[in-house]
Amino acid sequence: MAANRDTAGRENSKNRIYRAIYEGRGISRQQMAQQLGMSLPTVGTHLGELMDEGLVQETGVLASTGGRRAAVYEIEEDSRLAVGVEVTADYAKAVLINLRGRVYEREKVAIPFSYTEDYAERLGQLWERIRSKVPRGKFLGTGIALPAILSLDGKQILHAETLGTEGVPTEFLRKKMEGEVLFFHDSAAAGLAEGYAHPAADHLAYLYLSDTVGGAILNNRELVFGLHGQSAEFGHMILHADGRPCYCGRRGCADAYLSAKRLAETSESDVSEFFKRLGRGEKREEAAWKTYRKDLALLISNIRVTLDCNLILGGDVGGFLGERLPEIREEIQKLDGGVMPIDYLKPCAYPEDAAAKGGAFLMIQEFVHGRS
């Protein structure tokens with residue numbers, strides 16, 4: 001028993017060192033020892049093991065402070081790769097990313113969702129085309145993001161209005177996939193991806209503006225959930241009492257006003273085409289944008305008052321909003337009376353593939369945290 005405890009203790013120390021290097025993005029062994037409360041010899045031993053395993057590399061030296069310059073260490077970001085899959089009502093998307101989120105493969109296919117053998121087969125074929133690009137021994141697993149309320153263990157789709165299904169096991173969708181597979185709500189997955197693009201200590205909210213509207217709340221890159229496994233259902237905050245019907249059965253929800261479909265319908269195309277026409281000053285798009293940004297400002301203001309943290313605008317619409325933040329801030333100031341500063345509003349780091357990348361980051365997070 002004592003030997004088992006000693007082994008577990010050694011692994012825990014090594015795991016803590018790996019995570020410190022991952023978060024530090026360039027850290028010396030002296031800094032690790034101070035940060036983790038370990039001796040330099042202990043840090044040196046575990047650091048050598050991590051380098052022998054191909055997980056860590058020496059990348060340079062710190063600036064001189066008068067003595068010998070200390071070596072700096074970083075993770076080998078290509079030492080592990082993960083697959084992320086996004087499932088929607090109309091298409092499926094898969095990406096292959098490394099430990100820092102760099103995309104190596106990407107594919108999007110038009111596959112209308114159906115809970116059938118044929119759909120599972122086609123989803124599996126998409127997965128295999130991406131998975132086949134991973135070198136032996138480097139595959140972490142697969143994270144699947146979908147617009148659904150899931151059970152706490154991710155094994156059941158409790159309700160997925162836009163997919164037209166409920167009360168069914170998620171296992172059916174991954175039957176053609178090998179290795180570990182995790183299922184997650186799409187907006188939470190996208191929020192997780194954004195969390196990894198920001199400093200670890202940040203407290204963030206993420207507003208997901210795609211075919212559905214959702215969000216995520218993150219603290220120190222950890223997703224924050226409520227009593228029933230849900231979090232940041234921003235799309236179902238009421239913007240207008242007795243307003244438009246929402247797919248959830250209520251009326252006036254933000255989703256009924258701010259989904260990407262609202263803008264796409266204006267141009268009878270997609271969101272990309274809408275913003276192209278808006279940039280050209282076309283009247284129909286300008287009128288639709290004026291209405292959209294007012295409703296968006298109302299939702300943002302309510303989120304800010306509730307959470308008081310930085311808010312990232314993401315999803316299919318959010319990816320186009322970076323250059324339009326001044327207009328959105330102006331609308332928010334009309335609501336807030338100019339009392340509160342609007343420096344909390346941030347553009348997204350991932351204007352494309354956020355939910356799919358978030359699925360992959362589920363596996364990366366498990367790997368990094370598993371080493372802590």
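This is a predicted model: local features need pLDDT of at least 70, side-chain atom pairs count only at pLDDT 80 or more; totals for chains, interfaces and linings use all residues.
Residues are numbered from 1 along each chain as its sequence is written, and side-chain values use heavy atoms, with hydrogens and water left out.

**View 1. Pairing of β6 and β10.** Strand β6 (residues 139-146) pairs with β10 in the parallel sense over 5 bridges, where pairing requires that DSSP finds at least two bridges between two strands, and strands are DSSP runs of E with at least two residues, numbered from the N terminus. A145 stands opposite F184 in β10.

**View 2. The open sheet.** Five strands form an open sheet in the order β5-β4-β3-β6-β10, with mixed pairing. Its edge strands, β5 (103-109) and β10 (181-185), each pair on one side only.

View 3. The structure holds 0 disulfides, a disulfide being a pair of cysteine sulfur atoms within 2.5 Å. The sulfur of C246 is 3.7 Å from the closest cysteine sulfur, that of C248, which is too far for a bond; C246 is buried, at a relative accessible area of 10%, where buried means under 20%, exposed over 50% and partly exposed in between (1.4 Å probe, protein chains only). For C309, the closest cysteine sulfur belongs to C348 and lies 16 Å away, again too far for a bond, and C309 is buried with a relative accessible area of 8%.

Terms used
Helices (H or I, at least four residues) and strands (E, at least two) are DSSP runs, numbered from the N terminus.
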